[in-house]
Structures are given as C-alpha cells and as structure tokens.
There are 2 protein chains.
Amino acid sequence: MTDESRPGVGPVSLATVAAQAGVSIATVSRIVNGETRRASAETVERVRQAIKAVGYHPNQLGRALRNRESRLVAMLAANLDNPVMATIAASTEAALRQAGYVMILCDTHDRPDLQDDYLNAMRSQVVQGYVMVASQPSPGLRDFVERGAPMVFVSRRSPFGECSFVGPDNIAAGSAAADYLLDRSIEEPAVVYPSRESSTTRERVKGFCDRVIARGIPADRIRRADGPGISHLEIGYAAAQHFSAPHAWPRGAMCISDQVAYGVHRLARESGVQIPHDCEIVGIDGSPLNAWLAPWLTSVEIPHPEFGPSIVELLVSLWGGEPPREHLMPHRLAAALER
Amino acid sequence: MTDESRPGVGPVSLATVAAQAGVSIATVSRIVNGETRRASAETVERVRQAIKAVGYHPNQLGRALRNRESRLVAMLAANLDNPVMATIAASTEAALRQAGYVMILCDTHDRPDLQDDYLNAMRSQVVQGYVMVASQPSPGLRDFVERGAPMVFVSRRSPFGECSFVGPDNIAAGSAAADYLLDRSIEEPAVVYPSRESSTTRERVKGFCDRVIARGIPADRIRRADGPGISHLEIGYAAAQHFSAPHAWPRGAMCISDQVAYGVHRLARESGVQIPHDCEIVGIDGSPLNAWLAPWLTSVEIPHPEFGPSIVELLVSLWGGEPPREHLMPHRLAAALER
DNA sequence: CTGAAAGCGCTTACAG
DNA sequence: CTGAAAGCGCTTACAG
C-alpha cells in the first residue's frame, strides 16, 4: 500500500495505477480521460479497479504543464471588505467553476504597487486570464494590457486602451438618480462623491448633473459635496459636513454609492436632520442590506450577482480570439421602503 | 524575437534565456534562484541581460511539479456574500501572500455536495493546505480529515476529530452578551438563533444561558426564539415573530449574530417597537457597519481581520509536522452608540 | 565555474 | 488494442 497520509501531495500518480493494473501509463491516461472505446473492456475494468484501489486523482500540475493550460484565472480586486466586491467575487467564482476554471483571489488594497506584484505573481502561476475589479492605473497593468493578456475589467474601465468591460452604465445610473429626485420636485439637489478621481465617480456625477441641467435646473443650483479618503463611509460623512448647519441641508441628495449614503446619513442623524423627511437620499448599488438597515434609502440597484456570468462570457470570447467587448448591466430603481 | 503577445502563456522559458545568453538552462536556473556566487560575475551579468531581453518570468507550474510544492492554498467558505466571511477571506489572503502562498477561493454555498466537489478539485490542483470556513459535515471532508490533510477550520470546528481551529470563544462571547443584559437589570432576557443546528450557535446560546442561570435567573425565564432558513437576516425577522404583540417583546435580547439582530430590528421597526428603548439588543460579531447603520446595536466584537495571520500560523505549524492546535480569538464588547 | 541528465505527472502522435 | 518515447518548465546531484 502506498503512503496516502497526505492526499494530493502523496505519490499516487498514473504510474502507480499503471503498475497496479499491469498496463502502461499511456493506457491509464486514456481511460482517465474517457478515451474508453480504444481499449478492451477488460482493460478498462482493470484500470478502473486499480484507480479505486490506489485512490488516484489526476494531478492538474502535470496536466497544465503538458496541455499548456492551467485552468486558473486570477481576480485582482481592490478591496474584498467592500460588500460590492465580495458579491462580484462570489458570482465570478461560481461562474468560473461552472466553466471548469478555478479562481485565485488577490486583494490589492487599491494599491498600484501591490497590483503590479500580483500581476507578476499571477503570470508566474500561468493563469489564463485576469479579472480586474476596480483596478488602478499602474505600470505593470499597462504592460499586460499592451501585450494583450486576456483581461476583463469590472466596475472600472481599463485606464489603457480598449479592453473588455463589465459594469453598470454609470451615466444612465446617475441620470436615473437625478430623475428620481426631480420627480419629487427637489430643485436644488446635491451630489456627494469622493474627492479622489475615478472613472466611475466621474460618470455617475456627470450622468446626474447632465440630466438635472437637461431638465431645466441651472448648473449652479446643484450643490456639490466631496470628501477625502478611500472609505466611502468616511467620504460621505466628511462630505456632508459641507451642509453644515441643519437648515442648510439640501432637500435631496444623490450619493455615488450606497456606502457614501450611509456616511451622509450618519452625519444627518448626529445633526438631527431627518432622513428622508428633511432630505431624500438616493444612492447607487442597491445593497441587499438596505431593506434591513437603511429603509430610508432609495437606490439605483446594480445586479452585482449577475456580473460573474458576464465576466466569464467575455473571458471565454477573448480566449476564442474575439476582440474585447463591453457588457453594460441594467439597473433599476429600488425606492426607499420608508418615507 | 519570441512571440510575447500573451505574457505568461508565451514560450519564454529557461531554454529561451539559455539560448539567448549562450549558457545551459542549469546555469540560468541557478542564477534565477539567487545561486549567484557559483557562477562567474560575467556569466551572471550576461544571463541577467538575457532575462530582461526576453522578458523571462519563472513558471510556477514547472517549479511546483519539480519541487512538489505548489504554494497554493484553498479556502472553502460557506458564503462569501456574508461580510464576516468576506473579511476572513481578505485577511487570510493577505497573510498567505505575505508567507509566499497564493489563495484559491471556493464558495460552497453551505452545501455538503459542493464542498466535496471542491475538496476533490483542490486536491487535483495539488494545493498544500485547506482553510475551511464554516464548513459542513460531508463524506469527503471526513475522508480528508482522516487522511491528515493539512486543514485549518475557521469559525466552526471540525465535525470529525481534533483539528486545527481559529475562531472566537463562543461560550465566552455568549456569556459576555448575558452580562451586558443582566448588568442593565433585564430579568427576562431573550435569545434569538437559527433553528438549524451548528456548533457555533449551540455554544453561543449555551454560553449565554449558562451565565444567565449562574447569575440567579431561573432557566424558564429565558425566552427562546428561533427561525428557519439560512439567511441570518431572515432568521432574525422570523424568530422575532415569536414576540408577537408589541407588549410581549422582551426588554432585552441577545442575537447570535449581528445579522440576526438586523432581522429582529426590522420586525421591531415594523411593529413600532423602539430599539433600544423598549428592547436592548446585543449581537455577536461587531460588524464595522454597526457604527454607521445600527447605532442601536451593542455587539460582542470578534476581530475577524486578525484571523488571517492566525490561520496561516496554524497551517505552517501543521506543515512543520506539529499537532493540530486551536487559536481562540479575544472578543470585546462594543456598546451601542445610541441609547 | 558549468553542463548533461534524470525526473516531477501528464498527454499524444506514432508505431506495432 | 497497447506501449515507448518525447516533451511541457523546472531543479539538483553529479561529473568534469
């Protein structure tokens, strides 16, 4: 009996099975791979027995090396503690698994240098594709993009050239938020966003402002509030300070994410401002927690659980040699449960 | 020039570098691995040039096969959409990375059959260790445990024999919750939990009840409310129905997780019960969101961001041939921000 | 100081 | 119907 104290690291290889069954490893390999009609029924049976007897499981390392495909895909995400990214990670993992791939997960903490470290490490792992969730521009990333590595960008577009993309239509989402507030006759709406640049923020804010203006409100009637840092919660809290005294709060505000909205809400609570009575808030994301903890929040819901299948579809099409494409995911407005 | 259109999948191997530099692959290998004093300075230089010129990056597949170590670790988590597990995943990933390992992430959706599929798939990937977050009992798992696969259980203990474990001291956490309520002179405290069995739930409830009783309150004065299903939010909401009419609500309740508490709170809100004024709630987890969205919630805080390093430490010690150990993480009470 | 060779586990054209 | 051999990329004892 072979030493099987450590399954998977143990020495159970094709050779073990071959010896046990008294055939060549070529024959075993064929049978393991279902090439079963090319062998005698008797041999097939004997090999199957042997496989069971020794507890054989194919070694993907050997396969990967030989077939030049690791069936590994890397996801580089900016911050897994963010529930939006966690949901995207979960749905992508499920979709990859279904397609027969395995997901390596990397948390870049939104740092370009770490992102580059990870890109290099993943190349060394011979991953077959890269899923970049809310990536940052970085020298390494530029390099990979230019060399045509199979990459799908999620939520944030590639900062370098045309690449596959899965995400919401941020402009449209911003417009939808504007419509909601304007339909409720709010005439000096505010918009709350991170000071730090990003295409997502830019587009959402733009979609919002353009629609407000298109509906006849002068640009200078839009109140803009931004906040520093990286945590959207803190950003919302800090940005809302611009509303200073209670009587200066706007009657309605759009926040570029639900988390920003939570931050704004906290300051409102501390300031005695009633949400949504005094100030209607509309966020973007449609977090499932809203129904439970933020019934005061209206949100433009993005179907993050459906990102996974789209991401895998785009990856597969890149592998098939097709050009990069974009999947803009639909949104829908989820009105506040409570007035 | 070699075809480098697909970095990492391209044909840039030791052989490429060797040819470019006019040396053997053995020499290149040594230099790549820092075995630099055994070669002439001139050769080292020439090889370094060649590495740059052809854009060489070592292939981990080859290394793994030869060295019999993949540097891959699998995490099987019950549900990544749960923020607690997302945080554990993030911290584990970071700690593994720091130790030079790469994390494959699998979401088992709390299903024993999927868990077994993943275990087998991961063995085929030749992972060197398994991190089981809130695992279920399953035949495959039993098998792996019995064969001594290097495994660390997180949050829920192994259902089979002694295994390494990282998690809170659930009994103590339950006691702490009891103390909080009793210190506030609540004499008929409630406890809210999932109907479905799990060691975590059992221990937290036990810790709570034992302490309540120890402090002189008869067991039958503890109001027990459970709810069906898998979502802790829904469980809390359903369980709180046991409190039926508003006047029947307890003056204090401990929920075995923050998410259960959110569910209870939703029903309270819908029923016109004021939290925490009418009913003090204490949860377990200490979600970072509490300060923002659930200022009414007191919570026994578990340091999930610190799980990662402990998990890796236990894994490393298993690799070193040491016996399984347990790391019980400390908790602290985070009182509600709002009264 | 450097290289040829063996071998990690696998698959596949080729020969018989 | 079956097997010997080559080779995927790598490292390492061994020989020179």
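This is a predicted model: local features need pLDDT of at least 70, side-chain atom pairs count only at pLDDT 80 or more; totals for chains, interfaces and linings use all residues.
**The interface**

Let's start where the chains meet. On the chain B side, 64 residues are in contact with 64 residues of chain A. Together, chain B and chain A bury about 6,000 Å², and 61% of that sits on carbon and sulfur atoms. Three residues stand out here: B:L61, B:W292 and B:L293 supply 14% of the area that chain B buries against chain A, more than any other three residues.

Sorted by type, the residues on the side of chain B that touches chain A come out as 36 nonpolar, 15 polar and 13 charged.

As for salt bridges, the count between chain B and chain A is 2. In one salt bridge, the side chains of A:R269 and B:E338 meet at 3.8 Å, N to O.

**Helix α2 of chain A**

Now for a helix in chain A. Helix α2 (residues 25–32) has A:T27, A:V28 and A:I31 as its buried residues. Looking down the axis of α2(A), these buried residues fall within an arc of 100°, so they line one face of the helix. The cover over the buried residues of α2(A) includes α1 (14–21) and α3 (41–54) of chain A. After α2(A) comes A:G34, with a positive phi near 80°.

Next, a few backbone angles worth a look, collected in the table.

| Site | Angle |
|---|---|
| A:I275 to A:P276 | cis peptide bond, omega near 5° |
| B:I275 to B:P276 | cis peptide bond, omega near 5° |
| A:S185 | positive phi of about 55° |
| B:D285 | positive phi near 140° |

Where do these sites sit? A:P276 is in the loop between α11 (258–271) and β9 (280–285) of chain A, and B:P276 lies in the loop between α11 and β9 (280–285) of chain B.

The other two entries are residues with a positive phi that are not glycine: A:S185 and B:D285. A:S185 lies in the loop between α8 (170–183) and β6 (190–194) of chain A, and counts as partly exposed at 48% relative accessibility. B:D285, on the other hand, is in strand β9 of chain B and is buried, with a relative accessible area of 9%.

**Around B:G286**

The last stop is B:G286, in the loop between β9 and α12 of chain B. Is B:G286 buried or exposed? At 15% relative accessibility, B:G286 counts as buried. Which residues is B:G286 in contact with, leaving aside its neighbours within four places in sequence? Those contacts are B:D258, B:S299, B:V300 and B:E301.

Technical notes:
Residues are numbered from 1 along each chain as its sequence is written. Chains are lettered from A and ligands numbered from 1 in the order in which they are written. Side-chain values use heavy atoms; hydrogens and water are left out. Buried means under 20% relative accessible area, exposed over 50%, partly exposed in between (1.4 Å probe, protein chains only). Helices (H or I, at least four residues) and strands (E, at least two) are DSSP runs, numbered from the N terminus. The arc is that of the directions from the helix axis to the C-beta atoms. Contact means heavy atoms within 4.5 Å. Buried area is the accessible area (1.4 Å probe) that two parts lose on being put together, summed over both. A salt bridge is a side-chain nitrogen of Lys or Arg within 4 Å of a carboxyl oxygen of Asp or Glu. Ala, Val, Leu, Ile, Met, Phe, Trp, Tyr, Cys and Pro count as nonpolar, Asp, Glu, Lys and Arg as charged, and the others, Gly among them, as polar.
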